[in-house]
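Thanks for coming. I will go through one model this morning, starting with the overall dimensions and ending with a few backbone details.

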Amino acid sequence: MPEPTLMLGDVEITRVVEWAGDFSTVGAIIPGADAETWRANEDWLAPRFWNPADDAYRCHVQTWVLRSEGRTILVDTGVGNDRDRPQVPAFAHLHTDFLDRLRAAGVEPEDVDIVVNTHIHYDHVGWNTRRQDGEWVPTFPRATYLIPRADNLYFDPATARRSRPPRDENERARWEGGRLVFEDSVAPVHRAGRVVLWEDSHRIDGNLLLEAAPGHTPGSSVLTLRSGTDRAVFVGDLLHSPVQLLNPAWNSRFDDDLELAARTRERYLSRAADLGELVIPAHWPGPGAAEVRRAGGAFAVRAWAPFGGQASGGPQGG
Ligand SMILES: [Zn+2]
């Protein structure tokens, strides 16, 4: 069953899921949110975002397909097939039917006009490329790939300069794995001449604007949608779980600059609450997205999006 599509103004939004499952534990992914918080909010966080039985973090890796002003735009490209990923064995050498799922959503690789990588992490750039006769080639041969310049500088092994040592062995391994990600998923689209690097902001069309949202990575970005009176913001990995609405200072363990990531999260959630933007993160399963409102000093769900069928409930509060 294909996912429902959502029209916001003149823009059609479709979710194409590459991978869905339980990954690690919520305590490991969002270290700031303690077990008591999860229990206290079980009625709306479980079972869609959290499995209370084993504490697993419930996760999607997915691509948002947008049709805007006659063009087809992909927001993030998942993990990809056939990758060496020693830093994250659960996602090494996947063989998913992602391209068939994309076709089921009406998108042939040749149809894609623009690929947006919100940032350069392995689970956002993977299907940038595919393996053909032992070579990595762009999966979307006609597309322009929009990549934040700050991330390109940070992750390109030729220019990478880390501003601090790794926090732990996990982070060291992730950083070393990042070289492979750049080489198989980013460098080939550069060589094919398909990349446009951007900084600060980049207008895609009358409906869509890319904006810098640093912290998770130096070049992390959001894609803002305005069409008619409808508004949305694709926030990438600014939010890994809706539990972070309860305290925007709760980072994910994948955030690079913790202080900046928290400030950026607070800033975009505030804007979304004030302007009524639908917040569409990269990894939420279930309804996939939510409108948010202010609640005390933090935020709460005002309404869930309709992706992935019925969803109800949300954190209570003033
Ligand atoms: Zn991610």
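With 318 residues, a compact globule would have a radius of gyration near 20 Å, and the protein chain has 18 Å, which agrees. That radius is taken over C-alpha atoms, and the globule rule is 2.2 Å times the number of residues to the power 0.38. The C-alpha trace spans about 55 × 45 × 35 Å along its principal axes.

Two notes on the source. This is a predicted model: local features need pLDDT of at least 70, side-chain atom pairs count only at pLDDT 80 or more, and totals for chains, interfaces and linings use all residues. Residues are numbered from 1 along each chain as its sequence is written.

The protein chain has 8 helices and 17 strands; these are DSSP runs numbered from the N terminus, helices being H or I of at least four residues and strands E of at least two.

Now the interior. Of the 318 residues, 46% count as buried. Buried means 20 or more other C-beta atoms within 10 Å of a residue's own, exposed means 12 or fewer, and partly exposed is in between, with C-beta atoms placed from the backbone. The largest nonpolar core has 78 residues, and those with the most contacts inside it include Val 115, Val 233 and Ile 280. Strand β4, residues 56–68, gives the most to this core, with 6 residues. Such a core is a set of buried Ala, Val, Leu, Ile, Met, Phe, Trp, Tyr and Cys residues joined through C-beta atoms within 7 Å.

Next, the sheet. Which order do the strands take? The order is β11-β12-β13-β14-β15-β16-β17, 7 strands in an open sheet with mixed pairing. Its edge strands, β11 (201–203) and β17 (298–304), each pair on one side only. Two strands pair if DSSP finds at least two bridges between them. Strands β16 (residues 290–295) and β17 run antiparallel and are joined by 6 bridges; in β17, Trp 304 is the bridge partner of Ala 290.

Last, the backbone details. A cis peptide bond joins Ala 46 and Pro 47, with omega about 0 degrees. Pro 47 sits in the loop between α3 (42–45) and β3 (50–51).

Glu 69 is not a glycine, yet has a positive phi of about 50 degrees. It is partly exposed, because it has 15 C-beta neighbours inside 10 Å. His 93 also has a positive phi, near 50 degrees, and lies in the loop between β5 and α4 (98–104). With 10 other C-beta atoms within 10 Å, His 93 is exposed.
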